[in-house]
Amino acid sequence: MAALGSPLRTFRGLLRELRRASGRPYRHTPAYRHVVAAFRTHRVTSEKLCRAQQELHFQAATYLCLLRSVRQHAALHQEYHGKGERSPEEVAGLVGFRLPQQPGGKG
Amino acid sequence: LWGGRFSPPRFPRPPPAAAGRGPGGSGGGRAYAPPAERKRFYQNVSISQGEGGFEINLDHRKLKTPQAKLFTVPSEALAIAVATEWDSQRDTIKFYTMHLTTLCNTALDNPTQRNKTQLIRAAVKFLDTDTICYRVEEPAALAELQKNEWDPVVAWAENRYNVTIGSSTSILGPNIPASTKETFVSHLASYNMWALQGIEYVITQLKSLILTMGLIDRHITVEKAVLLSRLEEEYQIQRWGNVEWAHDYDLCELRARAAAGTLFVHLCSESSTVKHKLLQD
């Protein structure tokens, strides 16, 4: 079985991501209700007893990874790829260079 | 080109899935690429149960696939996750972030028109050039890293499925016995069509059948599978430094896709009545 860590941590992480994804009224969303109900029903604790619990925890951890990665990817995209064309100076600055000054020409 | 020239359609449906194409966007992109973003045209997202399964409602309109079929999924949890994707969109709909929706569209439309046998064949074909079997000889540090990180997973797969896989530094890749391939073919045949779409998707993302089986069998987490898939990149990053707008961008995208695919497979396999013939539990 994969090394998943604490189910409580996964649960909290999921709620956090769902809050970010849904905006203000996240407690009434189907996703929130489903996650809370699932964890409550199976009472995922740190005791590695029930196989169904382990499967649920893996599923929850996978969904958490999905939400988190999508959010981070979208943020990176917005930061680096979502702003249209950059000037040559900005592009050079991205990799830490500065364009030389060219007398009477471009730059 | 596409800019903001959109009036809300009468029967809205998303443009062809933008998976893999990435954003065309304004100011760049290919001339004929469909828009990867359009404005959010709905207030509320909800799910309902129809004859064929669970459906997604955007306000009062039922979501359709790119080929205009009714969007129905067999699992309620999957429907909820898809609904969450749609509800997460703010001003514009970023299709390239909606991996579960894309996977469902692919399963429903089957645009490549492959049947189960063809999907399985495509999946098992990856074994010949499986990332974790394909080793370098130098630099020595990388070869060592591959051995330490990948050998245990290969060993796990060999044990779990009772097959011989091995690894190779030859440019031709590992020599996989036919019996090994047959074992995987018959194992994959026990999954339904939807789950198979998901499995094949993860394999093409991670470039590894073995890592994918590790995920499906819950032997490794998504983060671990992606790390192992990108082992050489991670090694180079350690040596030469990290470039956020390339490395982290790719890392997050691969994690998102692998996580979506894995979740998709598990949610589509739950209600399946086919018993998996496990050699070892």
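Helices (H or I, at least four residues) and strands (E, at least two) are DSSP runs, numbered from the N terminus. This is a predicted model, in which local features need pLDDT of at least 70, side-chain atom pairs count only at pLDDT 80 or more, and totals for chains, interfaces and linings use all residues. Residues are numbered from 1 along each chain as its sequence is written, and side-chain values use heavy atoms, with hydrogens and water left out.

View 1. Helix H7 (residues 209–216) of chain B is largely enclosed by the rest of the structure, because eight of its eight residues are buried (under 20% relative accessible area; exposed is over 50%, partly exposed in between; 1.4 Å probe, protein chains only). Among them are B:Leu209, B:Thr212, B:Gly214 and B:Ile216. B:Ser208 caps the N-terminal end, with a side-chain oxygen 3.3 Å from the backbone nitrogen of B:Ile210. After H7(B) comes B:Arg218, which has a positive phi near 60 degrees.

**View 2. The cis peptide bond at B:Pro139.** Omega is near 5 degrees for the bond from B:Glu138 to B:Pro139. In chain B, the loop that holds B:Pro139 runs between helix H3 (116–125) and helix H4 (140–161).

View 3. B:Asp59 is partly exposed, at 24% relative accessible area.

**View 4. B:Asn110 in a loop between helices.** B:Asn110 sits between helix H2 (99–109) and H3 of chain B. Its phi is positive, near 45 degrees, although B:Asn110 is not a glycine. With 18% relative accessibility, B:Asn110 counts as buried.

Key:
Chains lettered and ligands numbered in written order. Polar contact = N/O pair within 3.5 Å; in protein donor to acceptor, adjacent residues only side chain to side chain.
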